[in-house]
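Me: I have a sequence and a model to read. Please go through them with me, one question at a time.

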Amino acid sequence: TLCNFWKSYKTSDFMVDNLEQWWTSLSINEKQQLENIQIKVDNGPENSGIRRQFLKRMVEFADQTKKSIQLLYFPPYHSKYNPIERCWGILERHWNGTLLRNAQTMLAWVKTMTWKGLNPIVKLSKKVYQKGISLTKKEMKEIEKRLERNPHLPKWDILIRPS
């Protein structure tokens with residue numbers, strides 16, 4: 001399990017940068033075994049199915065990986081189905097009220113938690129991410145051409161094929 005933390009704003013760029021970091025950490029064999037990449041998304045403001053910068057970066061990620069990417073969004077108030085929420089619950093029980101006075105203390109605690117018997121790989125990004133990056137309507141029309149939205153669930157199920 002990889003736990004990425006940051007000191008900057010939570011943005012679409014931060015999220016996709018972490019996906020790219022995960023991709024580069026895979027071996028050639030692991031990459032070849034993947035037919036596509038399915039990402040379960042919580043539909044937060046930084047990664048929603050209408051967030052222009054996020055969708056642009058995901059299209060670029062599909063092209064970079066040469067893999068189809070399917071974005072599947074959890075409906076609002078369904079966090080019990082989201083695996084990351086279970087991970088956060090385990091982490092909260094692990095540090096059990098410890099005063100997290102600084103980033104080093106927090107990261108040290110995260111490194112000692114276990115998830116299915118394994119300790120996570122913990123990273124702290126010091127990159128500063130800019131808020132408010134957006135595309136024009138014209139730029140978004142080009143991105144939208146690359147998105148295959150499920151006709152029954154257009155905001156909840158999006159397929160992006162590499163070019």
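**Questions on the model**

Me: Is phenylalanine 14 buried or exposed?
Reply: The model is a predicted one. Buried means under 20% relative accessible area, exposed over 50% and partly exposed in between, using a 1.4 Å probe and protein chains only. Phenylalanine 14 has a relative accessible area of 6%, so this residue is buried.

Me: What should I know about the numbering and the values?
Reply: Residues are numbered from 1 along each chain as its sequence is written, and side-chain values use heavy atoms, without hydrogens and water. As this is a predicted model, local features need pLDDT of at least 70 and side-chain atom pairs count only at pLDDT 80 or more, whereas totals for chains, interfaces and linings use all residues.

Me: In what order do the elements of the chain run?
Reply: Helices (H or I, at least four residues) and strands (E, at least two) are DSSP runs numbered from the N terminus. The protein chain has six helices and six strands. Starting at the N terminus, their order is β-α-α-β-α-β-α-α-β-α-β-β.

Me: What kind of aromatic pair do phenylalanine 14 and tyrosine 129 form?
Reply: Rings of Phe, Tyr and Trp (its six-membered ring) pair if their centres lie within 6.5 Å; planes under 30 degrees apart are stacked, over 60 edge-to-face, and the rest tilted. The structure holds two aromatic pairs. For phenylalanine 14 and tyrosine 129 the ring centres are 5.6 Å apart and the planes stand at 85 degrees, so the pair is edge-to-face.

Me: Which residues does methionine 58 contact?
Reply: Contact means heavy atoms within 4.5 Å. Neighbours within four places in sequence are left aside here. Methionine 58 is then in contact with Val16, Leu19, Ile39, Ile69, Leu71 and Ile160.

Me: How many residues does the other core have?
Reply: This core lies apart from the one that methionine 58 belongs to. Its members include Cys3, Trp95, Val110 and Val122, and its size is 10 residues.

Me: Which residues does threonine 65 touch?
Reply: Threonine 65 is part of helix H3 and, at 5% relative accessibility, counts as buried. Its C-alpha atom is 10 Å from that of serine 163, which is 98 residues away along the chain. Not counting residues up to four places away in sequence, threonine 65 touches Trp23 and Ile37.

Me: What is the phi of lysine 66?
Reply: Lysine 66 sits in the loop between H3 and E3, and its relative accessible area of 65% makes it exposed. Most residues other than glycine have a negative phi. Lysine 66 is not a glycine, yet its phi is positive, near 60 degrees.

Me: How far apart in space are serine 25 and aspartate 13?
Reply: Serine 25 is in helix H1 and counts as exposed, at 55% relative accessibility. Aspartate 13 is 12 residues from serine 25 in sequence. Between their C-alpha atoms, the separation is 18 Å.

Me: What share of the residues in the protein chain is buried?
Reply: The C-alpha trace spans about 50 × 35 × 30 Å along its principal axes. The chain has 163 residues, and the buried share is 36%.

Definitions and conventions
A nonpolar core is a set of buried Ala, Val, Leu, Ile, Met, Phe, Trp, Tyr and Cys residues joined through side-chain atoms within 4.5 Å.
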